[in-house]
Amino acid sequence: MKKDDEHPQRGAAVPIRSRTYQEETAAEIAAPVPVIRDRARDDNRERAAGGAGLGTVALALSILSLFVLPILFGAAGIVLGIVARNRGANSLGAWAIGIGAVSIIIGIFILPFF
């Protein structure tokens with residue numbers, strides 16, 4: 001079939017080009033969806049997910065330090081709690097830091113008298 005201006009071909013990839021059609025149409029129907037995602041929000045979610053496991057381990061070490069080797073496990077709980085807070089698990093990290101500090105204080109100042 002020969003292309004000419006009188007009888008344009010119609011198809012998925014072939015636009016209609018003719019001098020008889022003078023309309024201007026738009027392809028969009030709704031507002032365009034942004035292709036670029038908000039990286040800051042996604043990074044925060046990934047950081048919080050990565051810090052939750054570390055925060056749980058830090059909290060477990062800090063609680064364990066109340067019963068066994070308070071200086072060693074308490075210090076490990078504090079260090080892991082700081083790392084967990086930096087990765088987004090704020091509450092778990094803060095609890096691990098607090099319990100680890102209390103355990104070290106009890107281990108140094110109170111337990112030697114018993």
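Student: How much of the accessible surface of the chain belongs to carbon and sulfur atoms?

Tutor: Of an accessible surface of about 9100 Å², 64% belongs to carbon and sulfur atoms. Keep in mind as we go that this is a predicted model.

Student: What makes the pattern of this chain α-α-α?

Tutor: Count the elements: the chain has three helices and zero strands. Reading along the sequence then gives α-α-α.

Student: What share of the residues is buried?

Tutor: Buried residues make up 19% of the 114 residues in the chain.

Student: Let's take a single residue. Why is Ser-62 called buried?

Tutor: Buried means under 20% relative accessible area. Ser-62 has 0% relative accessibility, so it counts as buried. You will find Ser-62 in helix H1, which covers residues 39-65.

Student: What does Ser-62 touch?

Tutor: Not counting residues up to four places away in sequence, Ser-62 touches Phe-73, Gly-77, Ile-78, Ala-96, Ile-99 and Gly-100.

Student: Is Ser-65 buried or exposed?

Tutor: Ser-65 is buried, because its relative accessible area is 0% and the cut-off for buried is under 20%. Ser-65 also has its place in helix H1. Leaving aside neighbours within four places in sequence, Ser-65 is in contact with Pro-70, Phe-73, Gly-74 and Ser-103.

Student: Where does Leu-69 lie, and what makes its phi worth a look?

Tutor: Leu-69 lies in the loop between H1 and H2. Most residues other than glycine have a negative phi. Leu-69 has a phi near 45°, a positive value in a residue other than glycine. At 49% relative accessibility, Leu-69 counts as partly exposed, because exposed would require over 50%.

Student: Why is Ile-71 called partly exposed?

Tutor: Ile-71 has 46% relative accessibility, so it counts as partly exposed. Ile-71 belongs to H2 and touches Ile-104 and Ile-108, not counting residues up to four places away in sequence. Ile-71 and Ile-105 are 34 residues apart in sequence and 8.7 Å apart in space, C-alpha to C-alpha.

Student: What comes after H2?

Tutor: Just after H2, Gly-88 takes a positive phi of about 115°. Arg-87 lies in the loop between H2 and H3, and its relative accessible area of 44% makes it partly exposed. In sequence Arg-87 and Gly-51 are 36 residues apart, while their C-alpha atoms are 4.8 Å apart in space.

Student: How do you know that the span of H3 agrees with its number of residues?

Tutor: Helix H3, residues 90-110, has 21 residues and should span 30 Å at 1.5 Å a residue. Its end C-alpha atoms are 29 Å apart, which agrees.

Student: What makes the buried residues of H3 a face?

Tutor: In H3, the buried residues are Gly-93, Ala-96, Ile-99, Gly-100, Ser-103, Ile-104 and Gly-107. Viewed down the axis of H3, they fall within an arc of 140°, so they line one face of the helix. On the other side of H3, Ser-91, Trp-95 and Phe-109 are exposed.

Technical notes
Residues numbered from 1 in each chain as written. Predicted model: local features only at pLDDT ≥ 70, side-chain atom pairs only at ≥ 80, totals over all residues. Heavy atoms only, no water. Helix = DSSP H or I, 4+ residues; strand = E, 2+ residues; numbered from the N terminus. Expected span 1.5 Å × (residues − 1). Buried < 20%, exposed > 50% of the residue type's maximum accessible area, 1.4 Å probe, protein only. Arc of directions from axis to C-beta. Contact = heavy atoms within 4.5 Å. Areas by Shrake-Rupley, 256 points an atom, 1.4 Å probe, with all protein chains shown as cover.
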